[in-house]
Amino acid sequence: MTETQGNSGTVLVLGATGGIGGAVARGLHLRGWTVRALSRDAAKASRNVSAFEWMQGDAMNATDVMAAADGASVIVHAVNPPGYRNWGKLVLPMLDNTIAAAKAVGARIVLPGTIYNFGPDVFPLLNEDAPQNPRTEKGAIRKEMEARLKAASKAGVHVIILRAGDFFGPSAANNWFSQGLVKPGRPLTAISYPGKKGTAHQWAYLPDVAETMIRLIERAESLPPFAAYHMRGFFDDDGTKMIAAIRRAVGKPDLKVKRFPWWLVTLASPFVPLFKELKEMRYLWREPLEMRNDRLIATLGEEPQTPIDDAVLATLTSLGCLPRDCGRQLTTAPGRLGVSS
C-alpha cells in the first residue's frame, strides 16, 4: 500500500460532482489532502469547484481511471451513471476499472455502501457480517460489488465500506426524503410517508456519512484489509420521529401526513422502471430495521452525528421547502460531532 504523510496525501474521488462524493472531497481538501477528481466535463467542474485537481475523463474508461489514479493512495468510489440510467449495466464495469487502477498504483478503495444488499431475513437488527440475500436487482448488484471488493482485498487491495441507511441532506438527490416525503421547490403543505407507525427505519445525514468516511480514511493504516462498518445515523425507532422533526422544522406541529401512493407505484410498475424499483424496495418500509454501530464505535470512539432538527432544517432549506432566512437557526454545524451509541 502507498503510505501517506500523516493524514494527508492524494485522493482520487470518482463522483466528486455528486452528493456523497462531493462532501467527502470537500472534507478531505479541508484536512489538507490533494483532491483529484475525474469528470466528463472537467472545465465546467473546475469552474464550480476550483480547489480540486480536475482531470478530463470517464469512469467507464479504464485508461482514464488509471491515469487519474496515478500517485493516489486512496480512491473514493462514489460514482453513479448520469441520471442513474442503465445503472445495472454500468455500475460493475466502473467498479472493475477502479479495482484495476487501485491494484496498479497501490491505492485503498473507499465505497459508500447501502442496506440494499440485505433482505428481511436478517432484520430487524442488522450487523456488518449478516448474510446478504437481497430482494431487488439493485441489491443483487450491490452484493456483487462488495463481493468483487472482497476478492480484491485478498489480492492486496485494501478496502473500506461504510454502509448507511436512507440518505438525506443538502445536495443529496435521488433519495426517499427528497423524492418521497417532500416536494422540493415549494413550501410544505403535507408529508408523504412510505412507512407506517410502529415500523423502525434507518436514515443517514449525508454530511455525517462523509465525515465518518473521512475519519475512517484517516485511520486507514490500522484497519483490516477488508473493513466494513455500519452507521447508526438517525434511527427512527417507530416511524414517527422523522415526521416529527419535519414538523418542528417548518413550525407546523399539525402538518398533514399522507400515505405514500403505493397503489399507484404497484399499478404503474410494469411500465415505469423507477416505480418497479420502488415497489421492490417496499420491504424496507414494511420491515423494522436497526443498524448497530458497535464496530464503528470501537474503531473511531464515536460516530459523527448532527442533531436531527438541525439536519432536517438544513435539508429542507436546501430543497427550497423553507426560506433561507428561516427563523430557527442551526445549533450545530452539519457533520460536527455528537456521540451516537
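Trainee: Leaving aside neighbours within four places in sequence, which residues is Phe-118 in contact with?
Mentor: This is a predicted model in which local features need pLDDT of at least 70 and side-chain atom pairs count only at pLDDT 80 or more, while totals for chains, interfaces and linings use all residues. Residues are numbered from 1 along each chain as its sequence is written, and side-chain values use heavy atoms, with hydrogens and water left out. Contact means heavy atoms within 4.5 Å. With those neighbours set aside, the partners of Phe-118 are Phe-123, Leu-126, Asn-127, Glu-128, Ala-130, Pro-131, Gln-132, Asn-133, Pro-134, Arg-163, His-230 and Tyr-283.

Trainee: Is Phe-118 buried or exposed?
Mentor: Phe-118 sits in the loop between β5 and β6; helices (H or I, at least four residues) and strands (E, at least two) are DSSP runs, numbered from the N terminus. A residue is buried under 20% relative accessible area, exposed over 50% and partly exposed in between (1.4 Å probe, protein chains only). Because its relative accessibility is 0%, Phe-118 counts as buried.

Trainee: What distance separates the C-alpha atoms of Phe-118 and Ala-130?
Mentor: Ala-130 also belongs to the contact partners of Phe-118. The two residues are 12 residues apart along the chain, and their C-alpha atoms are separated by 7.9 Å.

Trainee: What is the omega angle of the peptide bond that joins Phe-123 and Pro-124?
Mentor: Pro-124 is another residue of the loop between β5 and β6 (125-126). Its bond to Phe-123 is a cis peptide bond, with omega at about 5 degrees.

Trainee: How many residues of strand β5 are buried?
Mentor: In a regular strand the side chains alternate between the two faces of the sheet. In β5, Arg-108, Val-110 and Pro-112 point one way, Ile-109, Leu-111 and Gly-113 point the other way, and all are buried. The strand (residues 108-113) is thus mostly covered, and its buried count is 6 of 6.

Trainee: Which residue of β7 is the bridge partner of Leu-111?
Mentor: Two strands pair if DSSP finds at least two bridges between them. Strands β5 and β7 (residues 159-163) are paired in the parallel sense over 5 bridges, and Gly-113 has Arg-163 as its bridge partner in β7. For Leu-111, the partner in β7 is Ile-161.

Trainee: Which residue of β5 does Val-76 stand opposite?
Mentor: Strand β4 (residues 74-77) runs parallel to β5, and 3 bridges join them. Within this pairing, Val-76 stands opposite Val-110.

Trainee: Which residue of β11 does Ile-160 stand opposite?
Mentor: From β7, Val-159, Ile-161 and Arg-163 point one way, and Ile-160 and Leu-162 the other way, all of them buried. With 5 of its 5 residues buried, β7 is therefore largely enclosed by the rest of the structure. It pairs with strand β11 (residues 226-230) in the parallel sense over 5 bridges. There, Ile-160 stands opposite Ala-227.

Trainee: What is the relative accessible area of Pro-307?
Mentor: Pro-307 has its place in the loop between α12 (294-300) and α13 (308-318). Its C-alpha atom and that of Phe-234, 73 residues apart along the chain, are separated by 9.0 Å. Pro-307 is partly exposed, and its relative accessible area is 34%.

Trainee: What is the radius of gyration of the protein?
Mentor: The protein has 13 helices and 14 strands. The globule rule (2.2 Å times the number of residues to the power 0.38, with the radius taken over C-alpha atoms) gives 20 Å for 341 residues; the protein is close to this, so it is as compact as a globular protein of that length, with a radius of gyration of 20 Å.

Trainee: What percentage of the residues of the protein count as buried?
Mentor: The C-alpha trace spans about 55 × 40 × 40 Å along its principal axes. Of the 341 residues, the share that counts as buried is 52%.
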